[in-house]
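Morning, everyone. Please look at the structure on the screen, and we'll walk through it piece by piece.

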Amino acid sequence: MKVTYRWLKEFVDFKETPQEIANLLTEAGLEVEEIIPLVKPFDGVVVGKVLEVQKHPNADKLSVCKVQTNEETYQVICGAPNVAAGQFVPFAMVGARLPNGMKIKKAKIRGVESFGMICSKEELGLEHHSDGIWAFERELSLGEDVYSILKDEQDWIIDIAITPNRGDCLSVYGIAREVAALTGNPLKEITIDLKEQLPEKTADIIKINIHDADGCPRYAGRVIRNVKIGPSPGWMQKKLEAVGFRPINNIVDITNYVLAELGHPLHAFDLKQIKGQQINVRASKPGDLFVTLDDKERKLPENTVMICDAERPVAIGGIMGGQNSEVSDQTTDILLESAYFKPERIAMASKKLGLSTDASQRFERGADPENVIRAINYAAALMEQLAGAQVAKGIVDVYPQPLQQKKIPLNVEKINKILGTDFDQKTIRQKLESIQLKVEADQVIVPTFRHDLSLVEDLAEEVARLVNYSNLPAKKYTTTFYEMPVSELENRLQYFRNEMLSLGLQEIFTQSMVRRAEAQAFTEDEPLAIKNPVSDDMAVMRPSLFTGMLKAVSHNLNRNNKDLHFFEIGRIFGSFDGINLPDQPYSLGVVITGNRQLPGWNVPEQAVDFYDIKGYLETFLGKLFLDNYQIILYDKAGYMVKGQTIAVKIKEDLIGVCGKFTEEVCHAFEIEKEVFGFELNLDLLQKYLVFDRKYQPVPRFPYSERDVAFLVDKDVLAAEVVEFVQKNGGFLLKSVEIFDVYQGPNIPQGKRSLGLRLRYQSAERTLSDKEVDQYFQQIINKTIKHFSASLRN
Amino acid sequence: MNEIIEKIRSEFFEAIKNVKSAADLEPIRIKFLGRKGLVSTSFDRIAELPKEQRPLFGKALNELKRELENAYQNLQGDFKKQQAKQVQLDLTLPGRKPFAGRKHPLLKVADEIKQIFVSLGFTIEDGPEVETDFYNFEALNIPKTHPARDMQDTLYITEDILLRTHTSPVQIRVMQRQKPPIQMIAPGRVYRRDTPDASHSPFFHQVEGLVVDKGITFADLKGVIQAFAHRMFGPDIKVRFRPSFFPFTEPSAEYDFTCVFCQGQGCRVCKNTGWMEISGAGMVHPNVFKAAGVDPEKYTGYAFGMGIDRIAMIKYAIDDIRIFFENDVRFLNQF
């Protein structure tokens with residue numbers, strides 16, 4: 001919302017500078033975004049007098065002029081057709097700097113020297129387009145600085161961000177009301193001097209019927225005849241341009257002027273196009289079509305407030321007029337509409353139409369029903385004054401059920417309780433009255449322009465902002481300590497995260513909206529799709545962290561960052577049944593590529609392989625003391641290489657998948673390196689965490705180890721052998737580790753050697769060699785028998 | 001017998017003359033001083049001698065043994081010293097480095113924020129990112145036609161299910177399941193339909209705050225935000241509250257911190273205002289209490305929000321939000 005400093009001064013006598021006004025407004029909740037001077041600074045331009053004008057010897061359209069300042073006379077080339085001897089002009093001397101940054105230099109134009117420039121208003125930043133130089137209307141003293149002269153008439157545009165609750169501030173007058181309260185000055189009334197010169201009565205020319213009083217509680221009309229369409233006066237154009245309206249013609253400009261100043265939208269119909277001398281306000285029916293004055297045919301949402309004549313709609317109420325009744329250059333007679341529409345109805349229609357206008361923005365934030373008459377009279381008076389029109393007598397004002405002013409109990413105690421203050425009733429009363437609220441003994445009457453005030457909390461905010469938030473107390477400490485529940489989820493997520501960090505992995509944080517194709521690589525279900533995505537790149541919600549993580553891998557590999565060991569914790573999104581919120585569990589992902597260890601002078605390059613990712617997985621699960629998990633061979637993850645994929649299972653829950661990404665997946669992310677990863681569903685995983693662990697005595701007696709190497713069929717899985725040995729090794733067998741795996745020379749075809757290290761230990765005594773050997777031999781024999789194995793050498 | 005001794009001695013000293021390393025010395029030790037070496041075996045020959053010569057020969061042999069052992073040990077000591085010199089480490093060579101990942105900078109800042117509020121007695125709560133219209137809008141006093149819906153352009157799954165546009169829905173969820181007193185923050189990811197550029201991302205991160213109890217006032221809110229500002233950015237940071245509008249708070253405020261880049265003097269970053277806009281706050285609107293089943297006659301409360309991304313950008317002087325989500329290790333390694 002733009003206003004100008006001088007425009008505000010028309011309604012309030014204040015002393016504050018533009019910056020001071022801006023600060024007051026910002027601190028009162030009307031955030032000033034920018035203060036723009038209308039006259040932009042320039043220098044070196046002085047008042048000069050054109051002494052003579054001669055044709056340029058080498059150019060038809062140029063003249064050679066002599067311009068006198070107080071000191072000297074200069075030869076200047078001028079291209080403007082309106083330059084004439086005797087004019088007082090703004091003369092930019094050599095060295096002058098114009099508002100657009102242009103610097104004036106001595107020049108030779110078509111062989112003739114030029115020492116400066118005679119300026120147009122455009123060149124001085126005073127208007128968008130000029131047809132010639134600016135000749136001052138009066139004599140000025142020669143050599144006087146032009147910027148100093150203009151500065152006395154300087155004005156500033158104050159651009160304010162209006163929050164949606166403050167529809168009353170979408171006008172110069174509305175802002176002026178705040179300025180009056182904030183500077184402690186009275187607010188002046190707008191003077192309306194309406195003559196009503198026509199003998200005929202408005203009521204005889206037009207009938208107004210409201211059939212939709214919900215959508216349109218009030219509708220008023222006036223008839224204006226003998227309008228002479230033409231440009232509006234310069235002062236009006238200048239003000240309109242400053243606050244962002246493009247001048248069009250006197251009628252449109254007048255309605256816009258009233259809109260800008262009072263905040264009340266008006267609409268002017270060409271009276272000749274209104275059939276049957278009547279206006280009917282009704283709600284639209286499904287399927288209605290209408291051509292608005294921007295020549296677009298629009299399908300009307302059901303229940304849109306429509307303004308109709310005897311035969312057809314002529315405007316969408318409160319949003320936009322119709323092409324069929326628009327004011328044109330031929331228009332002589334006007335039906336002027338001033339109405340009040342219900343905010344919710346306008347908001348709904350505007351949203352569904354996808355059409356937001358100056359009018360709709362005001363109506364949906366709440367116009368003032370009391371402004372209906374003021375606005376229409378103001379505009380009619382201006383039409384008399386500026387468009388040579390005559391206005392018919394009287395007004396047709398249909399307002400079947402006048403809106404009541406809201407009343408709020410004045411609860412001083414509650415206001416203080418909210419703000420933590422101890423204001424007395426007098427202070428509160430004085431603040432509320434300064435913004436034109438009526439305060440009676442125990443209640444506050446809210447004027448109809450303040451749609452946002454209805455609760456005592458709202459009054460508390462008004463008091464607070466008028467006192468200034470900075471002057472409200474701040475409590476340095478609180479004396480209350482609460483016993484609060486534990487932040488369980490947060491603690492667990494941090495626990496997982498810290499374990500990951502302790503493994504040396506780098507934490508990354510990737511986006512959760514991804515391409516459909518990227519999502520589909522990681523799920524067989526339909527990914528959760530966004531109805532109105534920002535772009536195709538962000539069309540669905542990630543079903544797996546791998547989408548973003550592989551993108552991060554790709555981004556780094558493309559920049560030659562080669563050794564990547566990443567983890568991420570974040571939500572992933574399940575598919576959608578159309579009704580309930582989808583499952584959105586927390587997930588943990590790890591991806592690795594490049595070297596196992598940072599290569600160095602004594603560390604050879606060694607690429608990661610399956611056992612690195614599995615190692616991370618096992619170590620992580622081990623750190624959680626999760627001893628009831630199972631690792632199973634898995635071939636249902638299409639994005640991982642078959643035969644290089646395992647899964648983690650606890651009871652019936654599949655917790656996650658671990659393996660090597662397929663070439664196709666890598667290719668889709670433009671990755672040419674081998675990448676391994678695992679992902680675990682943390683919501684599932686945390687069901688199985690056991691946090692209350694009990695102390696186990698540390699063994700006091702030494703252990704004995706025995707090594708053995710079995711030759712088994714190469715199809716026998718290591719885990720099977722280990723499991724068998726563990727199960728059958730006797731109660732003194734504490735652990736079984738694989739220390740060597742070998743296949744190749746010296747080993748029969750189709751066999752491989754598995755080296756096992758068995759550790760025996762007792763909690764009660766030191767074991768004798770004899771005893772250990774005995775158990776060791778027994779399990780060797782059993783294993784050989786069970787797997788048809790033999791001993792290696 | 002003396003000849004034998006002399007022969008051994010001269011052979012020994014001849015042998016060690018050309019010895020260059022400890023390794024070369026070992027066979028010599030074995031030959032002369034080993035268990036089956038020349039000196040030891042010479043003792044065996046004592047029996048061959050007449051009785052009266054035996055002690056003399058024994059003595060001489062012992063002397064020889066001592067002599068040779070001394071010579072050997074001296075030599076060996078020299079070699080050890082030499083060897084020690086040879087294997088001396090070049091301590092300037094780099095060590096073997098394990099991978100040492102770090103926290104993501106955004107989450108590091110989130111940790112700091114959380115830690116500050118936890119130390120002030122807040123709990124940490126969480127809620128879904130895919131939310132219902134009820135929790136994201138309706139319960140927060142933003143009905144369907146409210147112009148405030150335009151303040152946040154929303155990404156929808158269906159008409160009623162959407163990507164939450166703020167962390168405020170967690171307020172409602174917590175109030176529904178827990179009676180006051182409530183003193184919580186809820187950090188998390190939120191979504192808006194914004195085109196990505198240096199200062200906008202269609203997803204970003206907020207921390208929601210909510211305190212509800214009897215007798216909570218705007219003064220408590222001001223105090224807590226001030227405490228946060230001082231802990232996060234230092235004791236000289238000032239906080240400014242300005243009136244604003246949010247449908248879910250009344251009174252509503254926006255709060256600013258002293259610009260950390262110019263200490264409030266005014267600079268390019270703060271557009272010469274001396275202030276950095278942080279976020280919004282206010283007293284919980286009675287309609288929000290009603291929607292969440294809290295009695296507004298009995299309780300008051302305040303709520304606030306803040307952008308984690310924004311605070312991280314201020315803290316680390318980052319001027320493009322998108323860099324957080326590229327995860328370039330050359331960026332991540334800086335924090």
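Start with two strands. Strand 24 of chain A and strand 25 of chain A, residues 443–446, run antiparallel and are joined by 2 bridges. Strands here are DSSP runs of E, at least two residues long, and helices are runs of H or I, at least four, numbered from the N terminus. Two strands count as paired if DSSP finds at least two bridges between them. Within strand 25 of chain A, I445(A) is the bridge partner of K438(A).

A word on the source. This is a predicted model, where local features need pLDDT of at least 70 and side-chain atom pairs count only at pLDDT 80 or more, while totals for chains, interfaces and linings use all residues. Residues are numbered from 1 along each chain as its sequence is written, with chains lettered from A and ligands numbered from 1 in the order written.

Back to the sheet. It is open, has 3 strands in the order 23-25-24 (chain A), and pairs antiparallel. The edge strands, pairing on one side only, are strand 23 (406–409) and strand 24 (438–439) of chain A.

Now the two chains. How many residues does the contact take from each chain? It takes 76 from chain A and 66 from chain B; contact means C-beta atoms, placed from the backbone, within 7 Å. On the chain A side, helix 13 (residues 456–467) of chain A gives the largest share, 6 residues.

Last, Y302(B). Not counting residues up to four places away in sequence, Y302(B) touches several residues, including V211(B), F218(B) and M283(B).

Notes
Contact = placed C-beta atoms within 7 Å.
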